[in-house]
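Hi,

I'm handing over the structure we talked about, so please have a look below. My notes follow it.

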Amino acid sequence: FLVDPYTPEEAYWRAEFWEIFYEALEQLPENQRIVFMQHELEGLTLREIATRSQTNLKTIISRKGYAVRRLRENLQYLFDEFFEN
């Protein structure tokens, strides 16, 4: 018997966050989105991504950096809202 550790309000905000997050991911250029998702969500190393895609490691590192910066910019308002309350 499992008990949901989240209140309905927490569950709502978690679902809202993930929806907004995935929308922000979709706005990234495809090559940046793929690298970010493979590294952060699938757990591949940047070297593994470079090897699999036959792309220079420095290029993969750059793509990840650009993706992170863009996501930070696009999601900053969520962070600001969360910490205002």
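What volume does the largest pocket have? The largest pocket comes to about 630 Å³. A pocket here is an open set of points on a 1 Å grid over the protein atoms alone, where a 1.4 Å probe fits, with protein on both sides within 12 Å along at least five of seven lines; lining residues have an atom within 4 Å of a point. Among the 19 lining residues, Trp13, Phe17, Leu78, Phe79 and Phe82 are the closest to its centre. The largest share of the lining, 9 residues, is from α1, and α1 and α4 (57–84) each give at least two. Helices are DSSP runs (H or I, at least four residues), numbered from the N terminus.

Before you read on, this is a predicted model: local features need pLDDT of at least 70, side-chain atom pairs count only at pLDDT 80 or more, and totals for chains, interfaces and linings use all residues. Residues are numbered from 1 along each chain as its sequence is written, and side-chain values use heavy atoms, with hydrogens and water left out.

Next, the loop between α1 (8–27) and α2 (30–41) holds Pro29. Pro29 is partly exposed, because its relative accessible area is 29% (partly exposed lies between buried, under 20%, and exposed, over 50%, with a 1.4 Å probe and protein chains only).

Best wishes

Technical notes: Points joined across faces, edges and corners; volume = space filled by probe spheres on them.
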